[in-house]
Amino acid sequence: MIDNNNAGTYKINVSAKNSLGNIISKSIEVLVYNSSEYLNSYSPVVHKDNNICFTTNREIYLYEDGNEIKYTTGIYVKSYKNISLTYNLENKGIKYFSTFFGVEKVIRDNVSYGGQVNATVKIYIDDEVCYEKTNIKWESNMIYLAIKVPENSKTLKIEVIDSTVQGGIGFGDSKFYI
């Protein structure tokens, strides 16, 4: 049973049955958290190759099934080759990280150049890749990502790799959960 008034991780069992009678059951974790902080409130260490554009606290528009979804707090990154943002997690009690990400509207609106986008996003915790999405293209739907952060983790790094010069990736509603 989940107690929404007490922070913690709760395990629940879920089952699904299809029209053929096949049943699948899984045990999943549900996090009830004390508070969350927008990623924008943290100052990252920025590492880049060249041709960098990095802005925080801006509106981000991400694509989902033909619609633009607006996020009022976002991060925009664009760099020829790659850019990474490293966040210090030490002694902050971070339990989860979540974000929406995809090609940002300013790039998609430039059809002649934006159509060339082919980017990769990698997420690292303490220099270990824990998530990777390749072939993020102009018409790709945004992605929602939630990552459990192991206890005593020191860093979380977001890396955007782009060899086309056109890939501007937006991160919307990015949060650390405490």
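What follows is a conversation about reading features in a predicted model of a protein chain.

Student: Let's begin with the overall layout. How many helices and strands does the protein chain have?

Tutor: Keep in mind that this is a predicted model. The chain has two helices and 11 strands. Reading from the N terminus, the order is β-β-β-β-β-β-α-α-β-β-β-β-β. The C-alpha trace spans about 50 × 50 × 30 Å along its principal axes.

Student: What share of the residues is buried?

Tutor: Of the 178 residues in the chain, 38% are buried. Buried here means under 20% relative accessible area.

Student: Now the aromatic rings. What describes a pair of them?

Tutor: A pair of aromatic rings is described by two things, the distance of the centres and the angle of the planes. In this structure, a search of the whole model finds six aromatic pairs. Take Y87 and F176: their ring centres are 6.0 Å apart and their planes sit at 75 degrees, so this pair is edge-to-face.

Student: Which parts of the chain does that pair tie together?

Tutor: Y87 belongs to strand β5 (residues 67-88) and F176 to strand β11 (residues 168-177), so the pair ties together parts that are 89 residues apart in sequence.

Student: Are those two residues buried or exposed?

Tutor: Y87 counts as buried, at 1% relative accessibility. F176 counts as buried too, at 0%.

Student: Which residues do ring pairs link into a cluster?

Tutor: That would be Y71, F100 and Y144.

Student: On to charges. How many salt bridges does the structure hold?

Tutor: To read one, look for a side-chain nitrogen of Lys or Arg within 4 Å of a carboxyl oxygen of Asp or Glu. The structure holds six salt bridges. One of them joins the side chains of E104 and R58, with N to O at 3.3 Å. That pair links distant parts of the chain, 46 residues apart: E104 is in the loop between β6 (96-103) and α1 (105-108), while R58 is in strand β4 (residues 45-64).

Student: Why does E104 count as buried?

Tutor: Because its relative accessibility is 2%, and the cut-off for buried is under 20%.

Student: What is the N to O distance between K105 and D109?

Tutor: Their side chains meet in a salt bridge at 2.6 Å. K105 counts as partly exposed at 26% relative accessibility, and D109 counts as partly exposed at 49%.

Student: And which residue does K175 meet in a salt bridge?

Tutor: K175 meets D173, with N to O at 3.9 Å. K175 is buried, with a relative accessible area of 14%, whereas D173 is partly exposed at 22%.

Student: Which residues gather in a patch of negative charge on the surface?

Tutor: E90, D126, D127 and E128 do. Look at E128: this residue is found in strand β8 (residues 128-137). E128 is exposed, with a relative accessible area of 58%.

Student: What about phi at D65?

Tutor: D65 has a positive phi of about 50 degrees, although D65 is not a glycine. You'll find D65 in the loop between β4 and β5. D65 is exposed, with a relative accessible area of 58%.

Student: One last spot. Where does G115 lie?

Tutor: G115 lies in the loop between α2 (111-114) and β7 (118-125). G115 is partly exposed, with a relative accessible area of 42%.

Technical notes:
Residues are numbered from 1 along each chain as its sequence is written. This is a predicted model: local features need pLDDT of at least 70, side-chain atom pairs count only at pLDDT 80 or more; totals for chains, interfaces and linings use all residues. Side-chain values use heavy atoms; hydrogens and water are left out. Patches are made of residues with over 30% relative accessible area and no salt bridge: like charges are joined within 9 Å, nonpolar side chains (Val, Leu, Ile, Met, Phe, Trp, Tyr) within 5 Å. Accessible areas come from the Shrake-Rupley method with a 1.4 Å probe; for residues, only the protein chains shown count as cover. Lys and Arg count as positive and Asp and Glu as negative; His and the chain ends are not counted. The place of a charge is taken as NZ of Lys, CZ of Arg, CG of Asp or CD of Glu. Helices (H or I, at least four residues) and strands (E, at least two) are DSSP runs, numbered from the N terminus. Buried means under 20% relative accessible area, exposed over 50%, partly exposed in between (1.4 Å probe, protein chains only). Rings of Phe, Tyr and Trp (its six-membered ring) pair if their centres lie within 6.5 Å; planes under 30 degrees apart count as stacked, over 60 as edge-to-face and the rest as tilted.
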